[in-house]
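Visitor: I've got a model open and would like to learn how to read it. Could you walk me through a few features?

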Amino acid sequence: MVKETRDAFETCPPERTQRLHEMFSRTSFGPWLELTNIGQDPLLVHMFLQMEVEVARPQPEELYFHVCGTRMHFGRREFCIVTGLLFGQIPDLPTLTDESFVSRVWPGLAPGILTLRTVLETMRIGLGAISDEDVVRVCLVVMADLMFMGRDPRLPVSSTVLIVVDDLERFNRYPWGSYIWSHSYKGLHGAIARRKQKNQQNNKMTLNGFAHALKIWILEMFPACRQNFTKRSDRLIRGTKWDRDAVLNKSACIGIFNSALSVVNAPYAELRPTQDEQQSSWFRRSVAFFESSAGRRPTKRSRRRGPDPDDNDDDDDDDDEDDDDGTRRGSGDFEDLSGDGKKSESVTRRHVAPLFLG
């Protein structure tokens, strides 16, 4: 959907194209115009989701994984760092009026009838008679509902998206991180088990929500990924920084995840924000929200910490440190969510067979 947005701008005269780029870049979705590789490498995400497990005391909307004896988690904080989207309390919203941009751009179409397919068609052929502000709104609707939410184009546009986009100042204040992650968590959590329950025999699996964020987190956490990807330093948001150097086949994905057995290439336990990220408004406000929530996660971390993004110093924690739940690092009981209903045995990183054998 990023490419469609750029292409829509390019159909306008040069001066207007530049103006639209600048206006869109000032929105909270602006940094995502730099994205080039969305939708690639579904095998990497699919194989990783096979390692999802349940834990005894989970944090709210948190995904847990067991990778060759290494325990990992992906939740609100990680999603925030990867996407640069604000987390906060979801506010009450007004209703759309006859003065809304929906009435201006699609007169005669009620919000509950307007489909994403119609919005996409407007992006492709109908921008000439629309004001600059409404062009930006149209593109924001597509990015929110189609790219971030993974909504079926045949369905009506989300009423929440239409209401928030109608006021661009409200759009930039809205906690899109909370809104999108809540939906994405529901789509990712237990996805493999649901697929097996439906007895789907084909190789395709549709994931609702923004699965691209999970992929970027995998690239950040597994040093072995750098054999197939390059991380650029000239982009603002981590979700847009990674470029693929080679196509990932099954063998390459297996190698990445089995690297968890390696001391040198072991995955990091924590995704650490850079100094720039720590100083950004979206991160500071999101952290304040996390810390004010009743279900906020413990601050103590286990296993190897991620490298300091600003000085590239790989400072490992002591391997004998206890985990947050009181168990020793790298051990513990898990409930496997792969669909067979069995519990995995207590394991350690030094005594575990590779999860994928090819």
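Predicted model: local features only at pLDDT ≥ 70, side-chain atom pairs only at ≥ 80, totals over all residues.

Visitor: Fine. How many helices and strands does the chain have?

Guide: The chain has 16 helices and seven strands. Of its 358 residues, 51% are buried. If you take contacts between residues at least 6 apart in sequence, 71% of them join residues at least 24 apart.

Visitor: On to helix pairs. What describes two packed helices?

Guide: Two numbers do it: the angle between the axes and the distance between the axes. Take H6, residues 116-125, and H7, residues 132-148: they pack at about 140°, and their axes are 10 Å apart. That angle makes H6 oblique to H7, because only values over 145 degrees count as roughly antiparallel. The crossing of H6 and H7 is left-handed.

Visitor: Which residues of H6 and H7 make the contact?

Guide: From H6 you have Leu116, Val119, Leu120 and Met123. H7 brings Val138, Cys139, Val141, Val142, Asp145 and Leu146. Sorted by class, the contact of H6 with H7 has nine nonpolar residues, one charged and no polar.

Visitor: The spacing in those lists looks like it has a pattern. What should I know about helices there?

Guide: An α-helix has 3.6 residues a turn, so residues three or four places apart point the same way.

Visitor: Now strands. How do side chains sit in a regular strand?

Guide: They alternate between the two faces of the sheet. Look at E2, residues 63-67. Leu63, Phe65 and Val67 point one way from E2, while Tyr64 and His66 point the other way.

Visitor: Are those E2 residues buried or exposed?

Guide: All are buried, whichever way they point. With five of its five residues buried, E2 is mostly covered.

Visitor: Which strands pair with E2?

Guide: E1, residues 52-54, joins E2 through two bridges, and the two run antiparallel. In that pairing, Phe65 is the bridge partner of Glu52. E3, residues 70-74, also pairs with E2 in the antiparallel sense, over five bridges. There, Val67 stands opposite Thr70 of E3.

Visitor: One last stop: where is Arg16, and which residues is it in contact with?

Guide: Arg16 lies in helix H2, residues 14-25. Its relative accessible area is 11%, so Arg16 is buried. Leaving aside neighbours within four places in sequence, Arg16 is in contact with Leu127, Gly128, Ile130, Ser131, Asp132 and Val135.

Conventions. Residues numbered from 1 in each chain as written. Heavy atoms only, no water. Axes fitted to C-alpha atoms, helices over the stretch in contact; angles between N-to-C directions. Helix = DSSP H or I, 4+ residues; strand = E, 2+ residues; numbered from the N terminus. Parallel < 35°, antiparallel > 145°, perpendicular 65-115°, else oblique. Left-handed = near helix turned anticlockwise from the far one by under 90°. Contact = heavy atoms within 4.5 Å. Nonpolar A, V, L, I, M, F, W, Y, C, P; charged D, E, K, R; others polar. Buried < 20%, exposed > 50% of the residue type's maximum accessible area, 1.4 Å probe, protein only. Pairing = 2+ DSSP bridges.
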